[in-house]
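Welcome, and thanks for taking a look at this one. Please open the structure shown here and keep it beside you as you read.

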Amino acid sequence: MKKYLALTLGVLTAIGGFVDIGDIVTNAEAGARFGLGLTWVVVLGVIGICAYAEMSGRIVAATGRPVYDVIRERLGPRAALFNLIASFIVTLLTLAAQIGGVAVAIQLASGIPHVVWVAPVAIGLWILMWRVKFEKIERILGLAGLTIAVFAVSIWWLDPDWSALSGQVMSITPPPGEPVPTYLYYAVTLFAAAMTPYEVFFFSSGGVEERWTVKQLGIQRANVLIGFPLGGLLSLGIAAAAAVAILPLGMEVETLGQVVLPIGLAFGLAGMIVVLFGFFTVMVGAAFETAMSCGYMLAQYFGWQWGKRKQPKRAARFHAVVAGSVLLAFLIVQTGVDPVMITEVSLIGSAVALPLTYLPVLIVANDRQYLGDHVNGRFGNAVGLVTLLVVLIAAVAAIPLMIATGMGA
Amino acid sequence: MGTGTRSRLHRLAAVFALALSLAACSSLAASTGTKEDQLTAVTHSQVQTARLAAEAGLEDPPAPAVTLTVVLDDARTELVGTQEDLAKLPGDHEDLAGLVEDAIALVDRTATAIEDGDRPALREALRQAEALATALEDRSEKL
Amino acid sequence: MSWIEWHGRDRIDLGTQMLDRQITAPEAVHVGKVDDLELHFREDGALEVTALLVGASALCRRMPSPARGLLRLAMRLTGGPHPERRIGLAHVVDVKSDVEVTAEAGESATSPTERQLRKFVSRIPGAGREGS
């Protein structure tokens, strides 16, 4: 019984760890433009994140140490510092995007402009992180975030053309009339949203916070293999709703308000309440994860005390970095930049920084010195290498595609 | 890796990048069209947004007015921006300018109808949105 | 200390098994990383490791110039730069995937920045509660 409970809770954590504003925005944009035609990218991203989350979970269980802790040992202080700076900037931008997204969700529920809500959201986030237990935050927000399944459910009410939808799912080329670079640009951002670097930092540091051991490897693996694909399905639900309600109108999605319109169409008042609640919790959860990740990275590079397990005053620098990151992210959003714009920039940054995150994980997961008998098997390495190849292509193509397409216009 | 192989690799990469950017530019140029076409597309997108908002407002019970008003406000901001861009564009664009103006008026009417919970007015706005969207589609081959 | 066998090892690769490892004091207290090593020429001409050096100032020496400038800037912004801390080899208790040191050595190697920040952080309500 206890085992099943641990499984359920872990699955919730994984779902919460997958879906964030990046997935929401990219899936809605791609759905409105290409229908379900980019499903293959989400599938690829889910396979990739599963493979690497499983590896980092194994590293944690076998060594009791999070991934970033080992990166400096393996890459040396210079390469690791370069990695740290790049990952930190990207994660900070991702945090800013989530905070902005939460503020917009409140705006959609209240009608009061989002810039008014940025400060309360940032302060509330800090209090949440300071006061509430790690596991409680993860599980409650993970559970509440499931409400965005309303997108997937809405499809039945929107009376779709099922054969057109299934045709899109099977396609791996741009629909006629759509330029290839634009199609690829959306593919890269979708992929980056599925594999955002903070997911690995947070997942592995969280594993240390929750004291995983080799005994729970089976449960952990199940969490990853159930939770992340479910997260992927929830994201695809957003794409599907946009494909059914928005694509036929030939309209583009540029705001979170447009993303929720299909739900208003399907379920009216009740649907809107559910979806705005879902967005709020999903993005608060992701803001928690990204803010903690900022602290984890720095603390693990320099060897500081870190984590919510430690008495807060004993991990002063860690908590200072977490609070400082929230403050910086707050300042970015408070300038009034459109949160959707911050999201897109952070995703392009993520795409470029992806190899920096995933290559070291693959190296360490093959190191007998650290993992003993728990090193990667042949299958794990095959999936890992193929994913890494895709990651490299996405990283190289990201900026040229962004420039060539004017951010997917 | 020898210097020979490396420089060959560099050359290969450069050729690849060049080919990619050429392909990108040509296929984009073929698809995105003129500035006026782009502005038409933006206007069309906002009109369709208003249409969806009107439909959501006709649900029973309707989607919350605050949310729809925020969506329509964003659409209005976008349309006003389009109007300004169009004014700066050299040449005669009176046709499109008229349609953008209609779109702004439509968004305003939809917002008022939603705030008042006026279903007949909302149904009327929906019909106008559909007509305006068709008019914009007719202007541009691409839509 | 026998120099044939040290903590169960007859040889240790300083580059891969010592430098940049986590230093841990009892009760999983993270002290820092092995940022540099103090080496000493013995009379017989051999080099001997005499201490682990901890702190960004020590790390700076191993960095190329742009990164060094960045680290210095970060240290200045956080009230430094503070001198590096030294953990004598006698205080090293064990060498596993991390380097374990005695509690006193861990305490004395605590970063001055951390100490200053602790004073500030402990004034926030809830700072003293047990971890969660």
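What follows is a short tour of a helix pair, a sheet and a single residue.

Please bear in mind that this is a predicted model. The tour visits a helix packing in chain A, an open sheet in chain C and the residue A:Ile393.

**Helix packing in chain A**

- Helix H7 (residues 150-157) and helix H11 (residues 217-245) of chain A pack with their axes 7 Å apart, at an angle of about 35°.
- The crossing of H7(A) and H11(A) is left-handed.
- On the H7(A) side, the contact is made by A:Phe151, A:Ala152, A:Ser154 and A:Ile155.
- H11(A) contributes A:Leu233, A:Leu234, A:Gly237, A:Ile238, A:Ala240, A:Ala241 and A:Val244 to this contact.

- In chain C, 4 strands form an open sheet with mixed pairing, in the order S2-S1-S7-S6.
- Strand S2 (29-33) and strand S6 (92-95) of chain C are the edge strands, each pairing on one side only.
- From one strand to the next, the twist averages 30°.
- Strand S1 (residues 22-25) of chain C runs antiparallel to S2(C), and 4 bridges join them.
- C:Thr24 has C:His30 in S2(C) as its bridge partner.

**A closer look at A:Ile393**

- A:Ile393 sits in helix H16 (residues 378-405) of chain A.
- A:Ile393 and A:Glu135 are 258 residues apart along the chain, and their C-alpha atoms are separated by 36 Å.

Conventions. Residues are numbered from 1 along each chain as its sequence is written. Chains are lettered from A and ligands numbered from 1 in the order in which they are written. This is a predicted model: local features need pLDDT of at least 70, side-chain atom pairs count only at pLDDT 80 or more; totals for chains, interfaces and linings use all residues. Helices (H or I, at least four residues) and strands (E, at least two) are DSSP runs, numbered from the N terminus. Two strands pair if DSSP finds at least two bridges between them. Axes are lines fitted to C-alpha atoms, for helices over the stretch in contact, and angles run from 0 to 180 degrees between N-to-C directions. A crossing is left-handed if the near helix is turned anticlockwise from the far one by less than a right angle, and right-handed if clockwise. Two residues are in contact if their C-beta atoms, placed from the backbone, lie within 7 Å.
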